[in-house]
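Welcome! Here is a short briefing to read alongside the structure.

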Amino acid sequence: MVAWALGAMAVSGIANGISTYQSVRNQASQLQQEAVLKFKQASNLYEDAANLALANSENEDITRRQAQLELSKFRAQTKTSGLTGGTLIDLDFQTAENMEADILMERYNGHVQYVMKKKEAAYTQETAEYMTRSAKKMKKSALTQSLLSGLSGGVSAFGMAGGFDQLRK
C-alpha cells in the first residue's frame, strides 16, 4: 500500500511541477509581449511630444505673424483717420502688449501639453521596463515554483492515497 501511495506521490508531483513550470513560463512570456507593446507605445508618445513641440512652435510663429499683420492694419487705419496724440500711442502699445501676452499664453499652454505628453511617455516606458524585469524574474523562478508545486502536490497525493496512515502503523 505504501508503494502505491509513493507512486501516486511521484506522478502527482511530476504533473503538478510540469504544469506550474509551463504556466509560469507562459505568464512570463505574455508579460514580456505586453512590455514590448508598452515600449512601442512609449516611443509613439515621445514622438507625439516632439511633433507637438514642432507644431506649437509653428503655431506661435503663425500667430505672431497674424498679430503683426493686425497691428499693422490697426496702425494704418489710425493714420488714415487723422487721429494723433498720446492716447493713440498708448492704445497702440497696449494692443501690441495684449497680442504678445496672448502669444505667450499660447506658448505656455502648448508647453504644458508637451510636458504632460513627455511625462506620459516616461511613465509608459517605466511601466514597460518594470514589466520586462518582472518577466525575467518570473522566468528565473519558474523552476523553483515548479519544484515546490510538485512537492506540495506529491505530498498531498501521498496523504490522499493513505501513505501517512501506512507510515503510522
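The accessible surface of the protein is about 11,800 Å², and carbon and sulfur atoms hold 59% of that area. Please keep in mind that this is a predicted model. Of the 169 residues in the protein, 22% count as buried.

**Overall build**

- The protein has 3 helices and 0 strands.
- Helix α1 covers residues 2–81, and helix α2 covers residues 86–160.
- How much of the contact in the protein, counted at a separation of 6 or more, comes from residues 24 or more positions apart? Such residues account for 92% of those contacts.

**A network of salt bridges**

- Side chains of opposite charge can pair when their charged atoms come close.
- The count of salt bridges here comes to 3.
- Which residues are linked in a network of salt bridges? They are Glu 60, Arg 64, Glu 100 and Arg 107.
- Start with Arg 64 and Glu 60, which form a salt bridge whose closest N and O atoms are 2.9 Å apart. Both residues sit in helix α1 and are 4 residues apart, which means that about one helical turn separates them.
- Glu 60 also meets the side chain of Arg 107 in a salt bridge, with 2.5 Å from N to O. Arg 107 belongs to helix α2 and Glu 60 to helix α1, so this pair ties together parts that lie 47 residues apart in sequence.
- Arg 64, in turn, has a salt bridge with Glu 100, again given as N to O, at 2.5 Å. This pair links distant parts of the chain, with Glu 100 in helix α2 and Arg 64 in helix α1, 36 residues apart.
- Is Glu 60 buried or exposed? Glu 60 counts as buried, because its relative accessibility of 11% is under the 20% cut-off.
- Arg 64 is partly exposed, with a relative accessible area of 22%.
- Glu 100 is likewise partly exposed, at 31% relative accessibility.
- Arg 107 is partly exposed too, and its relative accessible area is 42%.

- Which residues make the nonpolar surface patch? Met 105, Tyr 108, Val 112 and Met 116 make it, and its area is about 410 Å².
- Tyr 108 has its place in helix α2.
- With a relative accessible area of 52%, Tyr 108 is exposed, because the cut-off for that label is over 50%.

**Thr 124 and its contacts**

- Thr 124 is found in helix α2, and it is buried, with a relative accessible area of 6%.
- What is Thr 124 in contact with, once its neighbours within four places in sequence are left aside? The list is Lys 38, Gln 41, Ala 42 and Leu 45.

- Lys 118 is another residue placed in helix α2.
- Lys 118 is partly exposed, with a relative accessible area of 33%.
- Leaving aside neighbours within four places in sequence, Lys 118 is in contact with Tyr 46 and Ala 49.
- Lys 118 and Ala 49 are 69 residues apart in sequence, while their C-alpha atoms are 5.9 Å apart in space.

**Leu 37 and Ala 128**

- Leu 37 is found in helix α1, and it is exposed, with a relative accessible area of 57%.
- How far apart are Leu 37 and Ala 128 in sequence and in space? They are 91 residues apart along the sequence and 8.0 Å apart from C-alpha to C-alpha.

Terms used: Residues numbered from 1 in each chain as written. Predicted model: local features only at pLDDT ≥ 70, side-chain atom pairs only at ≥ 80, totals over all residues. Heavy atoms only, no water. Patch = residues over 30% accessible without salt bridge, like charges linked within 9 Å, V, L, I, M, F, W, Y side chains within 5 Å. Areas by Shrake-Rupley, 256 points an atom, 1.4 Å probe, with all protein chains shown as cover. Salt bridge = Lys/Arg side-chain N within 4 Å of Asp/Glu carboxyl O. Helix = DSSP H or I, 4+ residues; strand = E, 2+ residues; numbered from the N terminus. Buried < 20%, exposed > 50% of the residue type's maximum accessible area, 1.4 Å probe, protein only. Contact = heavy atoms within 4.5 Å.
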